[in-house]
Amino acid sequence: MHHRSFSNTSSGSPYSESDILLAGFQSHPLVPPGPDYTSLLSDEILLQVFSRLPISQYIFNSLVCKRWLYLHGRLVRSVKLNEWWFLNSGRIFQRFPNLTEIGMVKACIRMSRNSGIVLSYKNWSIDFGTEFSGKGFIGENDLLPSDLIDCGMEMIAKWYPNLRRIVAIGPSETGLLSISNRCETLQELELHCCGDFSLKGISGCRNLQVVKLIGCIDGFYSSVVSDIGLTILAQGCRRLVKLELCGCEGSYDGIKAIGQCCQMLEELTLSDHRMDGGWLSALSFCGNLKTLRMQSCKFIDSSPGLDQHLRSCRALEELHLHKCQMQDKLGVKALFLVCEAVREIFFLNCWGLEDEVFGTATVCRRVKLLSLEGCSALTTGGFEATVLNWKDLQRLRVISCNKIKDNEVSPALSSLFSVLKELKWRPDSRSLLWSSLAGTGMRNKGGRFFKRMKG
């Protein structure tokens, strides 16, 4: 029971976890252990007690004894596999019998664990010892064979019929079919390095609501998800609520199929897309789309077509543009025409957002919230010319936009500031207006509002 006595020192302690564990084994070697009163409690009662403890305490509790280790495994619901043998040997099913979420990306990549080089992307990282090829650091030979991955997914489907979320890389249609046939409660699916026809395997996931497809990641791997795959996905998963396409190809036809078949779709995210020209006009088929996100896109639409052929998404409420290149005025203008009904617009570190490009947003006349952050090409004049056209504007956030200056704020813009419900104004570190808002309560309200929005 020594571990429990040391567990409270884990926060704010000068000792590392290894020091604590070592002390637990070596302290008082001559003192006989006291009676274990927890042996009088049933497994059910102990599970109720453990379930009410912070998750950060799970590891410490599991090290007390074999019984506590056994009970700890029954509380765990989510696991990310690092080693394939842990799945292939069946040990994961004995150790964690009640999983509802499982990630197996890292376990499916055959890389040297002792190379000393770690490559990271967002929430996952890999160790590798191979050279970079034209297709990326992860080549076909660096992934486990698809039949082996399929076998692992079949084992997961057999042991975890109540699975709700799975993250996989490189499965074929066979592996995905085993999941869709047995895991009827599956709601979230994330697929890396998948092709068009492998998506046939998820046609049986009738309750699938959240899907993320990663076709190509520059520097890591390259696979193709095109209109064929998007159409297969649309026809098989009609209850989609959220869809994210990362590094995927496609065109008008693929987006149209998504809009027509997935009528419950509320959120669409495009990251680093490879869409053909004209895809924007298909967004109007997404009748219930409320949120559109574009992240790290090198272009918006290379050939949007005539303005009169662009119909708007009437239900759209939020437009998020993060780290996108927006120097193409025609593509940006077409985007705002399609999103003219939007209520909230967020720009974050968008390159090429100059005055003329930003001015095309005046067609969005219902904007109530505008957030600008890291848009260094936009000037005070261009910002003012557009913002004053939004008569319904209630909340404004301007951060790190260095060409927007306090001394260039006109009386009309000052009048707008005075009637806003929320204002966060910090275009640069020298902003006098930001410091002058101290004590008025306006800056604090804005801070609370945007903090709540982020949450």
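User: Which residues of α14 are buried?

Analyst: Quick caveat: this is a predicted model, where local features need pLDDT of at least 70, side-chain atom pairs count only at pLDDT 80 or more, and totals for chains, interfaces and linings use all residues. Residues are numbered from 1 along each chain as its sequence is written, and side-chain values use heavy atoms, with hydrogens and water left out. Helix α14 spans residues 380–387 and is mostly covered, buried meaning under 20% relative accessible area with a 1.4 Å probe, protein chains only. The buried ones are T380, G382, F383, E384, T386 and V387.

User: Over how many bridges do β14 and β15 pair?

Analyst: Strands here are DSSP E runs of at least two residues, helices H or I runs of at least four, numbered from the N terminus. Two strands pair if DSSP finds at least two bridges between them. β14 (291–295) and β15 run in the parallel sense, with L292 opposite L319. The count is 5 bridges.

User: And in β16, what's the bridge partner of H320?

Analyst: β15 also pairs with β16 (residues 344–348), again in the parallel sense. Look across from H320 into β16 and you land on F346.

User: At what angle do α3 and α5 pack?

Analyst: Take α3 as residues 43–51 and α5 as residues 66–75, with axes 10 Å apart. Axes are lines fitted to C-alpha atoms over the stretch in contact (heavy atoms within 4.5 Å), and angles run from 0 to 180 degrees between N-to-C directions. The angle is about 65°.

Key. Buried < 20%, exposed > 50% of the residue type's maximum accessible area, 1.4 Å probe, protein only.
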